[in-house]
Amino acid sequence: MNNNYQRWQGDLNTVSFDAKTIKDKLMNLNLPCYILEKEGEIGISNQGNLSYSANGKNQDLEMVLSVPAIAFNQLGDPNFLEFYGVKYAYATGAMAQGIASEEMVITLGKANILSSFGAGGLSPHRVETAIHKIQGALHNKPYAFNLLHSPSEPAIERRLIDLYLQHQVRIIEASAFLDLSDNIVYYRAAGLSLNSANEIEIKNKIIAKVSRREVATKFLQPAPTKIIKQLVEKGLISELQANLAEKISLADDITIEADSGGHTDNRPLVCLLPSILELRDEIQRKYGYEKPVRIGVAGGISTPQSALAAFMMGAAYIVTGSINQSCLEAGTSAYTKKLLAEAEMTDVMMAPAADMFEMGVKLQVLKKGTLFPLRAQKLWELYKNYNSISEIPPNEIEKLENQIFRKTITEIWRETSAYLSQRNPEKLSKAANNPKLKMALIFRWYLGLSSRWSNNGEKGREIDYQIWCGPAMGSFNNWVRGSYLADVNNRRVVNVADEIMTGAAYLYRIQNLKIQGLQMPEDYSQYHPQSSLG
């Protein structure tokens, strides 16, 4: 039987007993913390070492407990860091129409943090310009591009895939998929080969963003054989690539999206993550992949507490969204950033989505400072209750033209026709014989432009800004209140990432001490960014 006790050996001058220096030492994450007691008073040191003796005392100091140093790579899955060449198990998600801008991707990439360019809703030419700019600035640093599934516009989706393959964009974030398209499978398989050690080399990496088990299953499994065969028959991939595709999952990582800004199922993270982790393990047992698919989380991640909660629940990495939209690098207007910086958790609501309007799909937007969600809902009610513009009562048409559109229906249809004749002539021809579709396209004019007005800072249209936002924005604003990050002019994406990850590591240390039985003031259990830049 061993009766030895842990004993601290070190310089008494390194032990702090006052509150401020104690917290400073707890914050020194690169060094261990030794909690010591002297005459009933608790002190702390980052120096010294442990040994064993017949009692735990050293010069009237009693060893209470200790915690080791904590490195950022201990949070999340270290394979995520190695796979993408990043310093944190942290990424920023794609916000469509370039809100997740070139500047955001480049700034984070230079800091070795993965960021996804918001290609959704942009023309292929605009996306190609972004590819040149980001690749020219980052070289071998990490970056990703979004592929927003476009079931109604497969040609646009295919054009993006061709661009990504042509310019060797090696990481894409696939979002809004309800079923797999030939395009996403083509991208994956076209990057497969065998290296000199006869191991599968995956050049084209996929991070799939999902919120449903049935969609997650499609990305966790190998690519469908039917699609693979079609790609071989078309000469797009080789027989070897087809065989390799059957041995790996379609995605390397799956980001499960909880209650987020924009398109969301409003799923609670605490229910969704365990479910998808269980599903991943079940599929892993079936296929025995050499490298299991990592599961990360997005939606509601905006503070050190929410980040740590995700990691402790088993998330391989975390993804932030809404909060980056209020940062200087985001492709949004100064007015929109100001509104976001003032938002509370309850200042959001669901509103009809432009891209899936006829299906009744909704997305989460900011309601404070804008009438967009109420006006969008009005359009949906009119669409639901009438079969054509001509059926809508004249007084309602007058309200639409004068209050919401600020243009006549005739002018809007002229603009819509000109747009569709270039982008989707097939839909334009269908609308000629389908008055219900024509009405939807006219309403989409407002729904589509309102987000662009927000991004571009359209003067006089502030009340109609469509601002994608989840409750995480309000949670972030509460956390940074009183700090340098409260000022929207100080919000930079790298600072936000650093503060969240530093705070998560600090809170992990505090929880470790609490679990070991140490009672401490509540102030120690909080992490706030510093009050000013310095």
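Modeller: Helices are DSSP runs of H or I with at least four residues, numbered from the N terminus. Between helix 14 (372-385) and helix 15 (394-405) there is a loop, and S388 sits in it. The model is predicted, so local features need pLDDT of at least 70 and side-chain atom pairs pLDDT 80 or more, while totals for chains, interfaces and linings use all residues. Residues are numbered from 1 along each chain as its sequence is written, and side-chain values use heavy atoms, without hydrogens and water.

S388 counts as buried because its relative accessibility is 8%, where buried means under 20% relative accessible area with a 1.4 Å probe, protein chains only. Its side chain makes a polar contact (N or O atoms within 3.5 Å, one able to donate a hydrogen and the other to accept it) with the side chain of S390, at 2.8 Å. Leaving out residues up to four places away in sequence, S388 touches P435 and M439; contact means heavy atoms within 4.5 Å.

L400, I404 and F405 of helix 15 meet I442, F443, W445 and Y446 of helix 18. Beyond its neighbours within four places in sequence, F443 is in contact with residues including L379, I389, L400 and F405.

Terms used:
Helices (H or I, at least four residues) and strands (E, at least two) are DSSP runs, numbered from the N terminus. Buried means under 20% relative accessible area, exposed over 50%, partly exposed in between (1.4 Å probe, protein chains only).
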